[in-house]
Amino acid sequence: MRIYLYILAGITSALIGWNLGQFFLTDLDLLKQFPEITLFPCIAISLAMGMVMNEIFISNPTRPKICFRIAKIPLLIALGLGLLAGLIAGGISQILFLPQIRVSPAIVRTFGWLLIGSSVGLAEGLTWRWRSMEAGDPKRFWQRFKTSVLAASGASLVAALLFEFIRTAFGQMPAAFKAAEDPLGFSLLGLLLGLAFSITNSPSYMGALRAGAGFEYTGPNYEDFEPQKTISATVYPYIDKSFLKFVSDGEAYEIEEGLSIQLPATGTIRIGSAVKKAHICIPGLPLHAADLVLKQREAVLSPNAKFFNTIEVNGNRLGSRSDIRLKHNYVLTFHTLNQGGLDEEKIYRFVYYNRFLDPQA
């Protein structure tokens, strides 16, 4: 469904922009002698605003009021970038179309479409900062920004080349098709842009563990006020800050109920009570209770062969050391051990999420 919505949004936005340009050219007779200067900005603005708005509503399908409130700044940025890129593309194209400058019309059209697509990618990438708390991570933001620009530029280039190939291969086209050549071409541009964004803007599968029962707040630990106190004496659960961080507070290290631990896209997270080796250190657990193996769009819980019976998944105690492929909203429960190796009543519970915990999403 997601891919169809993006494709439909791309085609619709392109056609709205083209029709708006025709309204200015034919009904208002605005710059009729320079059609690209009028048409390209309309299409670039419509595509940029349409794709940004589409992504906002797909991310928040049940919250239309929040969507409109979030969309104000992103739409203004998309409007400005679309207008600027469209004017540049239209102005350069109009100059290159002059009879004194012998440049192939196919090259001029391809260049113009490339600028339009790039502006849509810039608008989508830049405005993500106002649409998602996930963009607060600079590394993640720039990764998403580069992906959006490259994907949009590539899609517009492919659309232009494919359009020129069709025009060349089917030169003897019916007159009716010739009349609809421009809207069909821009529809192809919108279609490929929508297809590209449906892939690059797919939901983030950066996992998170939300702390639940067992992590209730017990008061300050005063570690920061007692430099002589070594980490080995720690009696509270914490995360390895060099490898993990909390979604809401990147500086905190002590695990408390309600906090969500942001997991890396790939890697292995060790869970246990080993102070210097566990990435998620919980007192009372076995030194090494389990590993959380993170792969692209997948997370696997790999229990320690000796202590698999101290772990529950969705309320069911594990009966073997077999790996468990985790899904969204799976509940992981870890039981502590006493000195005799028997289970105690104390438990620590996490909820696993397979997409980033984002209050705005």
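Predicted model: local features only at pLDDT ≥ 70, side-chain atom pairs only at ≥ 80, totals over all residues.
Residues are numbered from 1 along each chain as its sequence is written, and side-chain values use heavy atoms, with hydrogens and water left out.

The protein chain contains seven helices and 13 strands; these are DSSP runs numbered from the N terminus, helices being H or I of at least four residues and strands E of at least two. Of its 361 residues, 47% count as buried, where buried means under 20% relative accessible area, exposed over 50% and partly exposed in between, for a 1.4 Å probe and protein chains only. The accessible surface comes to about 18,500 Å², of which 62% belongs to carbon and sulfur atoms; such areas come from the Shrake-Rupley method with a 1.4 Å probe, and for residues only the protein chains shown count as cover. Among contacts (heavy atoms within 4.5 Å) between residues at least 6 apart in sequence, 60% join residues at least 24 apart.

In soluble globular proteins, nonpolar side chains tend to be buried together. A nonpolar core is here a set of buried Ala, Val, Leu, Ile, Met, Phe, Trp, Tyr and Cys residues joined through side-chain atoms within 4.5 Å. The largest one has 36 residues, and those with the most contacts inside it are Leu47, Trp113, Val120, Phe186, Leu189 and Leu193. Two or more residues are given to this core by each of α1 (2-27), α2 (35-59), α3 (64-96), α4 (105-131), α5 and α7 (181-200). Helix α2 provides the largest share, eleven residues. Beyond its neighbours within four places in sequence, Leu189 is in contact with Leu47, Trp113, Ile116, Ser156 and Ala159. Another core lies apart from this one; it has 31 residues, among them Phe215, Leu259, Leu263 and Ala289.

Leu244 is found in the loop between β2 and β3 (245-246), and at 4% relative accessibility it counts as buried. Setting aside residues up to four places away in sequence, Leu244 touches Ile239, Ile261, Gln262, Leu263, Pro264, Ile269, His279 and Ile280. Of these, His279 is 35 residues from Leu244 in sequence, with a C-alpha to C-alpha separation of 7.5 Å.

Strands of a sheet pair through backbone hydrogen bonds, either parallel or antiparallel. In this model, six strands form an open sheet of mixed pairing, in the order β2-β6-β5-β7-β8-β11; two strands pair if DSSP finds at least two bridges between them. Strands β2 (238-239) and β11 (324-325) stand at the edges with a single partner strand each, so one side of each has no neighbour in the sheet. Two bridges join the antiparallel strands β8 (residues 298-303) and β11, and Val300 has Arg325 as its bridge partner in β11.

The search of the whole structure finds six salt bridges, a salt bridge being a side-chain nitrogen of Lys or Arg within 4 Å of a carboxyl oxygen of Asp or Glu. One of them links Arg325 and Glu298 (3.0 Å, N to O). Arg325 lies in β11 and Glu298 in β8, so this pair ties together parts that are 27 residues apart in sequence. Arg325 is partly exposed at 47%, as is Glu298 at 27%. Arg144 forms a salt bridge with Glu55, the closest N and O atoms being 3.7 Å apart. With Arg144 in helix α5 and Glu55 in helix α2, the pair ties together parts that are 89 residues apart in sequence. Arg144 is buried at 6% relative accessible area, and Glu55 is buried at 6%. The side chain of Arg144 also makes a polar contact with that of Glu124 (2.9 Å); a polar contact is a pair of N or O atoms within 3.5 Å, where within protein one must be able to donate a hydrogen and the other to accept it, and residues adjacent in sequence count only if both atoms are side-chain atoms.

A further salt bridge joins the side chains of Arg317 and Glu312 (3.6 Å, N to O). Arg317 is partly exposed at 38%, whereas Glu312 counts as buried at 13%. Salt bridges that share partners join Glu55, Glu124 and Arg144 into one network.
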